[in-house]
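Q: I'm new to this one and would like to go through it slowly. Could you show it to me before I start asking?

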Amino acid sequence: MTMAQDKPLALISYVGGMHGLIQEAADLMKQHFKLITHQEFLQNPSLHGTKIQVLFSWVNKPELLPSLFTSLPALKLVANGGVGIDHIDVPYLNSLGVKVSNTPLVVSDATADIAMGLLLASARRIIEGHQISMDPKTVDFQSLIGTEVTGATLGIIGMGHIGLRIAQRGRGFDMKILYHNRNRRSPEDEQAVGATYCKNMEDLLREADFVVLAVNLSPQTTGLIGHKELSLMKPTATLVNVSRGLVVDQDALLEALQKRTIRAAALDVTYPEPLPRDHPLLHLPNIIITPHIGTDTTATTLKMVQMMIDNALAAVEGRQIPNEVKPK
Amino acid sequence: MAADKPWALISEVGENGYFEELADIMREHFQIMPLSDFLQSPALHGPKIQVLFIWKFYPEPKPSLLAELPSLKVVCSAGTGTDHLDIPYINNLGLKIANTPHVVSDATADFAMGLLLASARKMFEGQQIARGPEMVIIPQSLMGVEVSGSTLGIIGMGEIGHKIAQRGKGFDMKILYHNRSRRSAEDEAAVGATYCENLDDLLKLSDFVMLSLRFHTDCTGLIGHRELSLMKPTAILVNISRGLLVDQDALIHALQSGIIQAAALDVTHPEPLPRGHPLLSLPNALITPHMGINTTTTAKKIMHRMVNNAVAAVKGLPIPDEVKPQ
């Protein structure tokens, strides 16, 4: 077993606390890397700076500022935890000779699970039900009536690895599956989940009872769902977002929810994260918001971390990086 | 003519009873009398009533009420459960009983999966943090349990249990089930379910234990101290059947001491739980007020079925969903 001193150095934010790595994640990393926390690094940048070869980015921390990179001349790789890398300037880092990797595929099941969880919780008013059950002041246990999921139409915008899994889950509820994607999927993929392609996103918006967003954030998908799209949706429809907050025009969404242009929304992602405490979206009755927990299971988290480690070891050993993100 | 339509006794139209669309379905075939009106003059109104519609257990078919309904032909109860009805007593009065099987199954199965996911992924805590006055996250407290690929143990593989299995399969869950009798090979294959003759085996192996069986009094306390201690400490119990299936004191102890991870209950005993009940203050108990069938679509299906049964009873025809004595 390599001595701690022989292990390559990796920069992390911190362990535990508000946005840090869970202990099991840090323990996995320590098997192969000597971890330097951002705070330790800042106390004496020249001590470790020249030896740090890898930066493990978790929940956008440590912040990837240019000033950081000037102090990390030996950096080979920014290994991101998660599949979305919209917060990383890949061309800029590449110009410094630093590669970028992400963790595709391993995040898909847990994210698809959360998408269905949000859909069901919203449709069947589970959160409200729990609040009523628990509230010491509740006197009237009046009926909360929700909307039927079985047999309803599920419209998936973004039918990648995650979208396909959402479709599979929806099918288990005998839902009718529509999807819109940059490219049509193969007939086998469509048949496997009983999905019908909507070349025109507007058609999907008009027909769906539940619209689920599972796209990458890009210039093309920023503000993809705005006033026009929301007004095309049924007044009984629900919007679910497990992509990125910026895919939705939040002001338009606020108005749509207030005016009941759509029935409800359930978001695991917002912009910013978190929303400021006085943001009007937080105070609507017909919205569910969870704090970006799409991949927050121990099992999935550790799969992500293992992938980060594999990418980092490849970088340190000069091998091809399995999940390198190349610029478009 | 409205005046020719037979009379039905109901709880009430409104928030605590039938919403307007449901009342309209009844009015197609019946004149409806809310209980409050009836009680103002039972002697006057009683003889008119041929049908008693029971929705969410109201009005309660107590002997004192039934005694005031000399023309009553049928008691039509919403939902599949009949444990709230004294079937022999009601039959002995010469009355028929009907419930509404089948139409509740999809909505109940959907709700069961919704509870499972909400509990597993700590969505209630997540929402509180996302919308609370202080945005503080401690990663470990929001770490959930993986649903995809986990083991779902279904106790009670009737129509509802089978539909839950189908939904679980969509999440690539491994399905185990325990039932009074084994289901056919086709039924098992359709949802990839494995029979556990021994309930203990299911309890030991499952990540999620789902109670979806029909309640009989001999199933009271089916899940008690012993059963809970057989379960994995990471396991979650979901109950959409009847509160009495679970020994609630044993459950409280199990949740407090980490014997199981969490519980999600649409049903308790009593309903609702009295304010201050220990279950209500446990962070790992997700409780909803018996809303498993609460969708507009399903409520209307139930209502149509109840009316159908009632119309048959009034005409002296065979009742489609008659509940026969055991």
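Q: Where is A:Asn60 found in chain A?
A: Keeping in mind that this is a predicted model, A:Asn60 sits in the loop of chain A that runs between strand 3 (52-57) and helix 4 (66-70).

Q: And what is phi of A:Asn60?
A: Phi of A:Asn60 is near 60°, which is a positive value in a residue other than glycine. As background, most residues other than glycine have a negative phi.

Q: OK, on to chain B: which peptide bonds are cis there?
A: Among them is the bond from B:Tyr58 to B:Pro59, with omega near -5°, and another cis peptide bond joins B:His269 and B:Pro270, where omega is about -5°.

Q: Where do B:Pro59 and B:Pro270 lie?
A: B:Pro59 is in the loop between strand 3 (49-54) and helix 4 (63-66) of chain B, while B:Pro270 belongs to the loop between strand 11 (262-265) and strand 12 (285-287) of chain B.

Q: Switching to the two chains together, how many residues of chain A and chain B are in the contact?
A: Chain A brings 66 residues to the contact and chain B brings 59 residues. The area buried between the two chains is about 5300 Å², with carbon and sulfur atoms giving 57% of that area.

Q: How many salt bridges and polar contacts cross the interface?
A: Across the interface of chain A and chain B the rule finds zero salt bridges, but it does find 32 residue pairs in polar contact, counting pairs with both residues at pLDDT 80 or more.

Q: Which parts of chain A touch chain B?
A: Helix 6 (108-123), helix 7 (126-134), helix 8 (161-172), strand 12 (287-289) and helix 13 (298-316) of chain A each supply at least two residues to that side. Helix 6 of chain A gives the largest share, nine residues, and by class this side of chain A has 28 nonpolar, 26 polar and 12 charged residues.

Q: How do helix 8 of chain A and helix 9 of chain B pack?
A: Helix 8 of chain A and helix 9 (residues 159-170) of chain B pack at an angle of about 175°, and their axes are 7 Å apart. An angle over 145 degrees counts as roughly antiparallel, so these two helices are roughly antiparallel to each other. The contact is made by A:Gln168, A:Arg169, A:Arg171 and A:Gly172 on one side, and by B:Gln166, B:Arg167, B:Lys169 and B:Gly170 on the other.

Q: What about helix 7 of chain A and helix 7 of chain B, at what angle do their axes cross?
A: The axes of helix 7 of chain A and helix 7 (residues 123-131) of chain B cross at roughly 90° and come within 10 Å, so the two helices are roughly perpendicular to each other. Here A:Ile127, A:His130, A:Gln131 and A:Met134 meet B:Met123, B:Phe124 and B:Gln127, and the contact has four nonpolar, three polar and no charged residues.

Q: Back to salt bridges: how many are there over all chains?
A: By the rule used here, the count comes to 27 salt bridges over all chains. One salt bridge is formed by B:Glu21 with B:Lys300, where the closest N and O atoms are 2.8 Å apart. This pair links distant parts of the chain, 279 residues apart, with B:Glu21 in helix 1 (residues 20-27) and B:Lys300 in helix 14 (residues 296-314) of chain B.

Terms used: Residues are numbered from 1 along each chain as its sequence is written. Chains are lettered from A and ligands numbered from 1 in the order in which they are written. This is a predicted model: local features need pLDDT of at least 70, side-chain atom pairs count only at pLDDT 80 or more; totals for chains, interfaces and linings use all residues. Side-chain values use heavy atoms; hydrogens and water are left out. Contact means heavy atoms within 4.5 Å. Buried area is the accessible area (1.4 Å probe) that two parts lose on being put together, summed over both. A salt bridge is a side-chain nitrogen of Lys or Arg within 4 Å of a carboxyl oxygen of Asp or Glu. A polar contact is a pair of N or O atoms within 3.5 Å; within protein, one must be able to donate a hydrogen and the other to accept it, and residues adjacent in sequence count only if both atoms are side-chain atoms. Helices (H or I, at least four residues) and strands (E, at least two) are DSSP runs, numbered from the N terminus. Ala, Val, Leu, Ile, Met, Phe, Trp, Tyr, Cys and Pro count as nonpolar, Asp, Glu, Lys and Arg as charged, and the others, Gly among them, as polar. Axes are lines fitted to C-alpha atoms, for helices over the stretch in contact, and angles run from 0 to 180 degrees between N-to-C directions. Angles under 35 degrees count as roughly parallel, over 145 as roughly antiparallel, 65 to 115 as roughly perpendicular and the rest as oblique.
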